[in-house]
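Subject: Structure for you to look at

Hello,

Here is the structure I said I would pass on.

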Amino acid sequence: DPYAVSFNKYSGVTEFRSCTFLWVNVDVDGGPERYSNAFGEGGRSMTWYAGSRVRGDSPLVSRLVARGTEAGEHERTASDAGK
């Protein structure tokens with residue numbers, strides 16, 4: 001099937017042509033606290049377990065940072081235009 005999606009569920013991330021999907025574990029009230037994924041800055045930032053192959057100097061991390069920077073710039077531009 002050419003449309004089947006395959007991924008390593010332990011990698012924490014899957015890249016597609018049009019997007020990057022982050023597999024984020026969210027703690028459940030009363031559930032085991034095995035993951036340190038956390039949301040900060042009112043939901044504008046987060047931490048997640050990305051597997052052993054993803055490090056700060058990985059190309060994937062560089063792409064994510066660039067996309068986040070672009071999104072932030074777009075948000076600021078849109079906000080400035082509404083003033």
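In what order do the elements of the chain run from the N terminus on? The order is β-β-β-β-α, which comes to one helix and four strands. Helices (H or I, at least four residues) and strands (E, at least two) are DSSP runs, numbered from the N terminus.

This is a predicted model, in which local features need pLDDT of at least 70, side-chain atom pairs count only at pLDDT 80 or more, and totals for chains, interfaces and linings use all residues. Residues are numbered from 1 along each chain as its sequence is written, and side-chain values use heavy atoms, with hydrogens and water left out.

The helix
Helix α1 covers residues 59–81, which is 23 residues. At 1.5 Å a residue (times one less than the number of residues), α1 should span 33 Å, and its end C-alpha atoms are 33 Å apart, so the two agree. Its buried residues (under 20% relative accessible area, with exposed over 50% and partly exposed in between, 1.4 Å probe, protein chains only) are Leu60, Val61 and Gly72. They pack against β1 (13–15) and β2 (20–22). In the chain of 83 residues, 14% are buried.

The largest pocket
A pocket is an open set of points on a 1 Å grid over the protein atoms alone, where a 1.4 Å probe fits, with protein on both sides within 12 Å along at least five of seven lines; lining residues have an atom within 4 Å of a point. The largest pocket holds about 370 Å³ of space, a volume being the space filled by probe spheres set on the points. Its lining has 14 residues, and Arg44, Ser45, Met46, Leu64 and Gly68 lie nearest the centre. Helix α1 gives the most to this lining, with eight residues, while β4 (45–47) supplies at least two.

A residue in a loop
Glutamate 41 sits in the loop between β3 (38–40) and β4. Its phi is near 50°, a positive value in a residue other than glycine. Is glutamate 41 buried or exposed? Glutamate 41 is exposed, with a relative accessible area of 61%.

Regards

Conventions. Contact means heavy atoms within 4.5 Å.
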